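Colleague: I am new to this structure and would like a short tour of it. Could we go through it together?

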Amino acid sequence: MKRLCITLAFATSIAWASPGAHGPNGEHLDQASAPTANGLARLPDGSVNVPKLAQRRMGLRTLIAPETEAAATVQLPARVVADPNASGQVQSAHGGRIEAGPQGLPVAGQAVRQGDVIAWVRHHAEPFAQASQQAQRAELKAARELAEQRVRRLEGLEGTVPRKDIDAARIQAQSLAAREQSIAASLGAREALRAPISGVIARADLKAGQIVEPREVLVEVVDPTRLMVEASTPDVSLGVKLAGAHLLGVEGVKLHLVGAARALRDGVLPLNFRASVAPGATPLALGQPVTLVAALKERRKGMVLPAAAVVRSPANEAVVWIKAGFERYVPQPVQVQPLDSATVLVTQGLAPDNRVVVQGASLVAQIR
């Protein structure tokens, strides 16, 4: 009878310790289990009890991930910038007062074509300079009228006056008329602000009647299909180690390395990538901060899991949930590095026989 009790106890312990109940160092994760609670509950040792019916409702799925090799990655801060070959700025050369263009004043998001007049700048000279121009115009007007009268007199004496004198008087009158027209045009001159490229207006700071200064950036035009991503790193040798890159949490964007700078800027090295946005994907915006995941040529060993399998503990530590029994799940701290927007590589914290929750891990973490 005593031998029968020992056998039953041994069989019960084997049934309770399912595959994946051991940690990465061989420790038995089930050894500190509390008595099974009825229903959803967090046990004193930090594990949770999830009945089979609740597991089906929560859609929990587990996986024993084999150890494999994947490219090492590094996360870099980055931002979206304009391609200098597919963007432009609209500035005024002399400054003045803003007037609406043929289609009104531009607004952000408006599509324009290269050469379109998007606004006018009406120049205003200083009072003394304007008075001087008006006086000069009056003098030219008087001189032109005298020259035209002399031409008419000489033409009436044609045959007695040499032809060269008549031609000289006519040319002088035409010269005075051209100078007068030039001065008159400068008094009411306005400058056309034209779109430098075909694209979309990214920023517009124009109001009717606004006074603008020379070389002030008034409008920015970009081609939304030709943007770039600029990342920064303190590692000056990273450019030759890259095998690829992608944006963390941004779908439908492919990056192609243009090159790494050869000069530090604010203590970091800029890395430039050309972004190709797939049709229907979420568009990027100028100045948008993003996280760039750069894949290196170096390979690392680990276990590839869906990114949704990794959650945060109350201490803000990356953990995965391991199935330690039929209804018991244990949190396991891990070290991960992202591979792409959907998968991660677990480099430390898991053993080959761990059955990891790959679907519904966030729901398990919410059980209290």
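**Contacts, strands and cores**

Modeller: Leaving aside neighbours within four places in sequence, leucine 193 is in contact (heavy atoms within 4.5 Å) with Val90, Gln91, Ser92, Ile98, Asp116, Val117, Ile118, Ala119, Val121 and Leu218. This is a predicted model, in which local features need pLDDT of at least 70, side-chain atom pairs count only at pLDDT 80 or more, and totals for chains, interfaces and linings use all residues. Residues are numbered from 1 along each chain as its sequence is written, and side-chain values use heavy atoms, with hydrogens and water left out.

Colleague: Is leucine 193 buried or exposed?

Modeller: Leucine 193 is buried, because its relative accessibility is 1%, where buried means under 20% relative accessible area, exposed over 50% and partly exposed in between, with a 1.4 Å probe and protein chains only.

Colleague: Which strand is leucine 193 found in?

Modeller: Leucine 193 belongs to strand β9; strands are DSSP runs of E with at least two residues, numbered from the N terminus. Its bridge partner is alanine 119. The C-alpha atoms of leucine 193 and valine 117 are separated by 5.7 Å, although these residues are 76 apart along the chain.

Colleague: How many bridges join β8 and β9?

Modeller: Strand β8 (residues 117–122) pairs with β9 over 5 bridges, in the antiparallel sense; two strands pair if DSSP finds at least two bridges between them.

Colleague: In what order do the strands of that open sheet come?

Modeller: The order of the 4 strands is β9-β8-β6-β11, with antiparallel pairing. At the edges are β9 (190–194) and β11 (211–212), each pairing on one side only.

Colleague: Changing topic, which residues touch the most other members of the largest nonpolar core?

Modeller: They are Val229, Leu247, Leu255, Phe273, Leu284 and Leu292, in a core of 22 residues. A nonpolar core is a set of buried Ala, Val, Leu, Ile, Met, Phe, Trp, Tyr and Cys residues joined through side-chain atoms within 4.5 Å. Elements giving two or more residues to this core include β4 (67–82) and β17 (289–306). Apart from this core lies another, of 15 residues, among them Val90 and Leu218.

Colleague: And what does the side chain of glutamine 337 make a polar contact with?

Modeller: The partner is the side chain of arginine 300, at 2.7 Å. A polar contact is a pair of N or O atoms within 3.5 Å; within protein, one must be able to donate a hydrogen and the other to accept it, and residues adjacent in sequence count only if both atoms are side-chain atoms. Glutamine 337 is buried, with a relative accessible area of 6%.
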